[in-house]
Amino acid sequence: MRVKVLLSVLLALAVAAGPLAAVAPAQDKSIFIPLLVYRTGPYAPSGIPIANGASDYFNLVNERDGGVNGVKIAYEECETQYDTKQGVECYERLKSRSPVLVNPYSTGITYQLIPKAPGDKVVIHSMGYGMTASADGRWFPWVFNFPMTYWSQASAFVKYVGQQEGGVEKLKGKKIAHIYHNSPYGREANPTLEELARKYGFELTLLAVDHPGQEQGATWLQVRRINPNWIFISGWGVMNQVAVKEAASKGFPMDHVIGNWWTGTEADVVPAADGAKGYKSMTFHAPGANFKVHQDILKHVYDKGKGAARREAVGEVLYNRMAINTMLNVEAIRTAMTKYGNKPLTGEQVRWGFENLNLTEKRLEELGMKGMMRPLRVTCENHEGNGLALVQQWDGKKWTIVSDWIEPIREVVRPKLEAAAVEEAKKLSYTMRDCAKEK
Amino acid sequence: MVDWQFFALLLSNGVLIGLMYSLIALGFVLVYKATDAINFAQGEFVMIAGFLVAVALGAYGAPLWLAVALALAVMIAFGFGLERVMLRPLIGRPIVAVIMATIGLAAILRGFGPLMWGAETKPLPLPIPDEPIVWGPFFIPPIQLLGAGVSLLFLAIFGWFFLRSRQGIAMRAVADSQQVAMAMGVNVERYFALAWAMTGIVSALGGLIWGNLLGVDVHLALVGFKVFPVVILGGLDSIPGAIIGGLIVGIVENVAAGYIDPWVGGGTKDFAPYVLMILALMIRPYGIFGKQIIERV
C-alpha cells in the first residue's frame, strides 16, 4: 500500500514537473520565440511554406552554429488558422514562456498585438505586412516592419510601371486598376496609389474583391470595360489563383499584370498553367534554392531528418521569405548580444538589437544569402529600414527576377507615414519619444 | 463597351456561374430529397474529388478519362461507405444528429485531403482552351460553358430519375416517410446508400469543373458555402429549384458586383444572395419549388 502511495506521489510530481522541465530551458539557457502558424484552414497552402521556412532556419542556427553565439533558440508553433482571435489566444498562451519577439504573420493579428507589446515587452516584427504607420519608430518603439511596408511597395510598383513606360512622367493619362482583397490588408495600398495618381496624372480604378474571391467574373468584366494599361493585384489565398486565371482567360497581357508580394507565389500561378506565363509580382528577395543558405539547410537540417518541408519545397517564394524573416530575427538578437552579452536576453534588450540592426553585404555573404536580399539598416526613427523592391516574373516553371532593385518613392511615402503614425498613436495614447536621446 | 453590353456580359456570366453553383447544390438536394438529411460537407466532397483527379493526373500521370473514372468510382464508394458506417446508425435519430455528423465529417475531410495529398495547390488541367469564346456581345470562358453544360445534363438526368424511374419514385417515397416506405416493402437503407452515391457522382463532377477553375487545395471546399442561398431560394428538395436558385444567385451576385460594388467599395456581391435568402425565408420559407412541409435547422 505504501509503495502504491509513494508511486502515486512520484507520478503526480513527475506529471506536475514535466511541463516545467520543458519550459525551463527556454527561461534559463535559450531564447524563446513563439511561432504563430497556419498549417490548417483555408490559408494553409500559404501558411505551410511560411511555417516550414521559420522552423528550418531556427533549426539551422541551432544545429550548425549551436544557437546564436551559443544561446539556443527555443520555439513553439501555435496554430492560428490565420484567424485573428486564435492568433491572440496563441500569443497569450505562449506569453508564459517569456518570449522576446513575435512574428504574427497576419495583419489582423498584428493590429491586435500592437497595443500589448509595450506592456509585455515583446518585439513585434511584421515583415512586409501589418500597420504601415508603425514604421515610425518614434511612436511605435516595439513594432518593426522592415525591410518594406505596403506603401513603399505601392510606390515601387508605380515607379516600375513608370520605368516600363519610359519614365514616370509618361504615366500621365495611363490607366491603372488596383484589384484588391476587400479587407484592411487589401485596402492598405489605396491611399498611396491615389496620391501617386494625383502626382503623376494616371487614372486609377479601385476594384474590391470580397473574401474569399473564388468568383471574380464581374470584377474582370469591369477590368475589360476599363481596359487599363496596367493591373496591380493585392490578394491573398484563393483570390490570387482566380485573379491570375481570370487575367489570363480574359486575354490581358500578363506582363502588365503585377501582384503585390503576397500575390506572387507558386500556388498563385499553378492553376492557370501556361496562361500565367509572363505574370509578375513585387518582392523584396530572390526566389529559388540556389543560395548557400539552402545548401546549409539541406545539409544541417534535412540530412539529419529534421527538415519541416519536402526537400523540393525548400526555396519556394514563401519559404524563402520566412527564412529571411527568421534570419532577421536572429541577426537582431545577435546585434543585441554585442551590447548585452552572449546570454538569454530580455525583450527590451532584443528591441535594442532590432533598432540597431545593420545587416551588411559582408554579413549576408557569411550567412549564405548574398544576392538573396539587400543589406538593411534600421534606426530608432525608421523601423521600415532602407529596403528596396524587386519584380519577379513567372516563366511557366519558376519565378525569375526581372528588375533591378527599386527604391520606393520615399519623398511621398515617408511624410504620409509620419502623419498616419501620429493618428494611430493617438488612438493608443502613445507619446513620441526623442530618438536623439537614445543614441 | 456600351452599358447594355456590360449588362449582357454580367448576365451571361451570372447564368453560367449560377449553373455551376447548381451542380454543387444538386448534390445537396439529392441527399435531402432522399434522406431528409442536410449535408454540411458538400463542399468538402467536391474538394476530395478534386484532389483525387488532380493527384491522379499530376502525381501518377494518369490520362484524364482514367482520373475522372477513378474519382467517380472512389466518390461512389465513399458515398456508400459513408452511409453504411456513419449515417445508417443515425437512422431514426433526430435530424440534428445527422447535421452534427456531417459538420464533423466536413472538418475531418478538410484535414484529410491536405494530409494525404499535400496542402500545396495542384493544377487540374482539362483539354479545353483558356481563351474565351466571343459571340456577339458575349464573352464566354470555355470552362464555364462546360460547367453549365454538365450541370444542365445532370440536372436533367436526375430530374428524369426522380420523376420517371421506379428507383427515383421509391426514393421520393422514402424521403416522404421512412416508416410508410418500409411498410410498402421499400428497402430504405438501400435507397439512402444510393442517394449518397449519387451525391458522390455530382461531387466528382463539381470537383473536376471547380478544380480546373480554382486549382485544387483546401480552398476548393469553400464552394460549398454557395449551396445554402441556392437551395434556400430554390427549395431544399427541388431539382428545378437548384437550377433556378443557382441562376438567381449567379445573376444577383454579378449584377451587384458590376453596378453596386463600384459605388460602395465592394461587399455587395456576397452579401446580396444572403439578403435574398433571408427574404425568401421570410416570404416563402420552403423555397420557390420546395415542399411546404419543411424542417428548419
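Colleague: How does the span of helix α2 (residues 44-65) of chain A agree with its number of residues?
Modeller: This is a predicted model, and in it the 22 residues of helix α2 of chain A, at 1.5 Å a residue, should span 32 Å, which agrees with the 31 Å that separates its end C-alpha atoms.

Colleague: And how many of the residues of α2(A) are buried?
Modeller: Of its 22 residues, 19 are buried, so α2(A) is largely enclosed by the rest of the structure.

Colleague: What follows α2(A)?
Modeller: The residue after the helix is Gly66(A), and its phi is positive, near 70°.

Colleague: Switching to the two chains, how many residues does the contact take from chain A and from chain B?
Modeller: Chain A gives 30 residues to the contact and chain B gives 34 residues.

Colleague: Which elements give two or more residues to the chain A side?
Modeller: On the side of chain A that touches chain B, those elements are α2, α9 (217-226) and α10 (238-249) of chain A, and the largest share, 6 residues, comes from α9(A).

Colleague: What does that side have by class?
Modeller: The side of chain A that touches chain B has 15 nonpolar, 11 polar and 4 charged residues.

Colleague: Now the domains: how is chain A divided?
Modeller: Chain A is divided into domain 1, covering 28-148 + 288-386, and domain 2, covering 150-283 + 391-417; the C-alpha centres of these two domains of chain A lie 27 Å apart. Their contact takes 17 residues from domain 1 and 18 residues from domain 2 of chain A.

Colleague: Which elements give two or more residues on the domain 1 side?
Modeller: On the side of domain 1 of chain A that touches domain 2 of chain A, they are α2 and α13 (317-340) of chain A, and by class this side has 8 nonpolar, 5 polar and 4 charged residues.

Colleague: Over to chain B, then: at what angle do the axes of α9(B) and α11(B) cross?
Modeller: The axes of helix α9 (residues 227-234) and helix α11 (residues 268-283) of chain B cross at roughly 35° and come within 9 Å, and the crossing of α9(B) and α11(B) is left-handed.

Colleague: Which residues make that contact?
Modeller: From α9(B) they are Phe228(B), Pro229(B), Ile232(B) and Leu233(B), while α11(B) brings Pro273(B), Tyr274(B), Leu276(B), Met277(B), Ala280(B) and Leu281(B). By class, the contact of α9(B) with α11(B) has 10 nonpolar residues, no polar and no charged.

How values were computed. Residues are numbered from 1 along each chain as its sequence is written. Chains are lettered from A and ligands numbered from 1 in the order in which they are written. This is a predicted model: local features need pLDDT of at least 70, side-chain atom pairs count only at pLDDT 80 or more; totals for chains, interfaces and linings use all residues. Helices (H or I, at least four residues) and strands (E, at least two) are DSSP runs, numbered from the N terminus. The expected span of a helix is 1.5 Å times one less than its number of residues. A residue is buried if 20 or more other C-beta atoms lie within 10 Å of its own, exposed if 12 or fewer, and partly exposed in between; C-beta atoms are placed from the backbone. Two residues are in contact if their C-beta atoms, placed from the backbone, lie within 7 Å. Ala, Val, Leu, Ile, Met, Phe, Trp, Tyr, Cys and Pro count as nonpolar, Asp, Glu, Lys and Arg as charged, and the others, Gly among them, as polar. Domain bounds come from an automatic or database domain assignment. Axes are lines fitted to C-alpha atoms, for helices over the stretch in contact, and angles run from 0 to 180 degrees between N-to-C directions. A crossing is left-handed if the near helix is turned anticlockwise from the far one by less than a right angle, and right-handed if clockwise.
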